[in-house]
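I opened this model to look up two things.

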Amino acid sequence: MEIKVIAGDIARVDADAVVVNLFEGVEQAGGATAAVDTALDGAIAALIRRGEIKGKFAEVSIVHTFGKLPAGIVAVVGLGRSEDFTADRVRGAAGEFCRALRRLNCHKIATVLHGAGAGGIDAGRSAEAITEGAVLGLYTFARYKKPEYEDVGEMLIVVPKEDEAAALESAVHRGRVVAEAANAARDMVNEPANYMTPGQMAEAAREMARRHALEFKVLEVEDMEAMGMGALLGVARGSIERPRLIVLSYKGDEGSQQALGYLGKGITFDSGGLSIKPSEGMGDMKQDMAGAAAALAALGAIAELRPSINVTAVVPVAENLPSATAFRPGDVLKAMNGKTVEVVTTDAEGRLILADALSYARQMGLSPLVDLATLTGASRIALGNLYASLFSNNQALADKVLDAARRTGERMWQMPMPEEYKEQIKSDIADMKNVGNRQGGAITAALFLAEFAGDTPWVHVDVAGPESSPKESGYLVKGATGFGVRTLVELALNEAQRQVTI
Ligand code: BES
Ligand code: ZN
Ligand code: ZN
């Protein structure tokens, strides 16, 4: 889809549909909505009076113009109550109106800037949010099935003045780059596990490196053996697919030795291993590489936006299957940092592969570290589908990630890491065991990872839950969400900014 900012009068634009908005509770529409209403001889005002158009958030009302406007359709999108308004609601509204108009076969959509007037957000933020919402909301995964509707070909963001239009181009560019990166992550996550094996994931990363001119390296089994990555190798032993450790680097600040490290859990399929999961819902475990996909896709977007900072993604990838060669409950694995781990259940595999990835990232000198992982069902039980849980050994870094997440609308909630719970992962025969009891399961998983992060500032985001959406809503569609990509990009941009201003 092409997205352009143009100067003009929304009521006079040549398009299949034009989009204006209404806040909930507003009886007398103003601005562009009023202008379009006048051209429609008061049809919108009449529908508001009749209570058909209420302005409820993400409500899309279709009004046919029958020749009164060049566009055949006017869509009035609800922005909700003005006191609840956020930039994320612009994303959500854009996702909804784009899908509604696609269902009506509109190929060319023109929209006003939402929320830049009465909503009080600035024009750049609005243009960026509309772009993100449209690109994310129109996403479809169509590799194995013809899509139901034809693509929207073009979206025009219409502003009154020429100079304003030019100023918004960079906001649209940024919105498009991050949303397309999130969609790239969605593609990887939606791909079934027979088409997204560790080898194929490494190939996808290689292709991404080629496209964005990133440095690329893959550690193979022999390298892992040489480095003593017994935890990652242990998890991978049940599959005939060899594990990989993918390293993608972006160099935006050649003068600096410092680099941010982004890690992601890359289990391309989590059957649970010998501690096998119930078959119901097991198919969803193709999504167990959502953290890895997010870290890789974020690097692609960062390379496009070129902030002056270095960022490296370290992504361990393996498949967790039961077999004659699989690791077993009761086994002891020796991780790269020398620590021994008693495997109580082979289904707590994510923390094992991340343990070695964290050691490797620290050996590379990456700091600070942020990992994304579909780590525990417990996180999803605690916070549901809309929130990721966030853990950290460094509050200043946690605050930076939470700030970035607030701006992107990716909701994260910080959890505690009480020392006392470490008791739960003490083992009788090894330095630690890979699970605690059921209570506080997301916390003990984080405490396990903390042992490998050591004193490097580190944030762990458990994305089990928000990595996929059970339904179409706002800018989310059913299936993979690409959660985390936009926050990782935002964090890198913010960090680059900080270094410049110091
Ligand atoms: N990949 C799962 C966690 C998960 C569950 C992600 C549901 C998304 C949705 C992870 O590897 C796992 O199996 N965790 C176990 C840990 C337990 C055995 C301590 C879990 O959460 O049940
Ligand atoms: Zn598991
Ligand atoms: Zn898993």
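**Helix pair, then zinc**

I began with helix 6 (residues 198–212) and helix 9 (residues 290–305), which pack at an angle of about 10° with their axes 9 Å apart. The model is predicted: local features need pLDDT of at least 70, side-chain atom pairs count only at pLDDT 80 or more, and totals for chains, interfaces and linings use all residues. Residues are numbered from 1 along each chain as its sequence is written, chains are lettered from A and ligands numbered from 1 in the order written, and side-chain values use heavy atoms, without hydrogens and water.

Helix 6 is therefore roughly parallel to helix 9 (angles under 35 degrees count as such). Axes are lines fitted to C-alpha atoms over the stretch in contact, with angles from 0 to 180 degrees between N-to-C directions. Helices are DSSP runs (H or I, at least four residues), strands likewise (E, at least two), numbered from the N terminus.

I listed the contact (heavy atoms within 4.5 Å). Helix 6 gives M201, A205, M208 and H212; helix 9 gives A292, A293, L296, A297, G300, A303 and E304.

Next I checked the zinc ion (ligand 2). Its donors (N, O and S atoms within 2.8 Å of the metal) are D270 (OD), D347 (O), D347 (OD) and E349 (OE), at 2.0 to 2.2 Å. I noted the spacing D-x76-D-x1-E along the chain.

D270 also bridges to the zinc ion (ligand 3), 3.2 Å from ligand 2. D270 sits in strand 10 (residues 266–270), and E349 in the loop between strand 13 (340–342) and helix 10 (350–363), 79 residues apart. I found both D270 and E349 buried (under 20% relative accessible area, 1.4 Å probe, protein chains only).

How values were computed: Buried < 20%, exposed > 50% of the residue type's maximum accessible area, 1.4 Å probe, protein only. Parallel < 35°, antiparallel > 145°, perpendicular 65-115°, else oblique.
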